[in-house]
Amino acid sequence: GIDPSKFWVPDSFFDVQAQDLRELASADKAREQERQTLQTQAMRDARKKQYRKALIRVRFPDGIVLQGVFLPRERPSALHA
């Protein structure tokens, strides 16, 4: 197995930035508005088919797995930020 104690991540990795909070608040507000909107059965069915998150998992040759969960609308350039 993989020993997590062998990996060091700076504390700043876990800091939440102001932009992160704005994006989360905006997404929550949009979800709440969607929930309150009356929808037909066809609209509910179409919504179920949308992806809620994108999961990227990379397995390195030494067995370490790096996993990230992203919103489908996020651009790949966000990984470099």
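I started in helix α1, where Arg 31 and Asp 28 both sit, three residues apart, about one turn of the helix. Helices here are DSSP runs of H or I with at least four residues, strands are runs of E with at least two, and both are numbered from the N terminus. Before going on, I noted that this is a predicted model: local features need pLDDT of at least 70, side-chain atom pairs count only at pLDDT 80 or more, and totals for chains, interfaces and linings use all residues. Residues are numbered from 1 along each chain as its sequence is written, and side-chain values use heavy atoms, with hydrogens and water left out.

**The α1 pair**

What joins the side chains of Arg 31 and Asp 28? I found a salt bridge, 2.9 Å from N to O. The term asks for a side-chain nitrogen of Lys or Arg within 4 Å of a carboxyl oxygen of Asp or Glu. Side chains of opposite charge can pair when their charged atoms come close. I searched the whole structure and got one salt bridge.

I then checked cover for both partners. Arg 31 is partly exposed at 37% relative accessible area, and Asp 28 is partly exposed at 42%. My cut-offs: buried is under 20% relative accessible area, exposed is over 50%, and partly exposed is in between (1.4 Å probe, protein chains only).

**Whole chain**

I counted two helices and two strands, running α-α-β-β from the N terminus. The radius of gyration is 18 Å, well over the 12 Å that the globule rule gives for 81 residues, so the chain is more spread out than a compact globule. That radius is taken over C-alpha atoms, and the rule is 2.2 Å times the number of residues to the power 0.38. The C-alpha atoms fill a box of roughly 50 × 30 × 25 Å along the principal axes.

How much of the chain is buried? I get 2% of the 81 residues. For contacts (heavy atoms within 4.5 Å), I looked at those with a separation of 6 or more: residues 24 or more positions apart account for 15% of them. The accessible surface comes to about 7900 Å², with 57% belonging to carbon and sulfur atoms. Those areas come from the Shrake-Rupley method with a 1.4 Å probe; for residues, only the protein chains shown count as cover.

**The hairpin**

β1 (residues 54-59) and β2 (residues 65-70) pair in the antiparallel sense over six bridges. Pairing needs at least two DSSP bridges between the strands. Five residues lie between the strands, and Gly 63 takes a positive phi near 95° in this hairpin.

Val 58 lies in β1 and stands opposite Leu 66 in β2. I have Val 58 as partly exposed, at 34%. Val 58 and Leu 66 also turn up, with Ile 56 and Phe 60, in a nonpolar surface patch of about 340 Å². Patch residues have over 30% relative accessible area and no salt bridge; like charges are joined within 9 Å, nonpolar side chains (Val, Leu, Ile, Met, Phe, Trp, Tyr) within 5 Å.

Which residues does Phe 70 contact, leaving aside neighbours within four places in sequence? I listed Lys 53, Ala 54, Ile 56 and Leu 79. From Phe 70 to Val 58 is 14 Å, C-alpha to C-alpha.

**N-terminal end**

Asp 3 lies in the segment before α1 (18-36) and is partly exposed at 35%. Its C-alpha is 35 Å from that of Ala 25, 22 residues along the chain.
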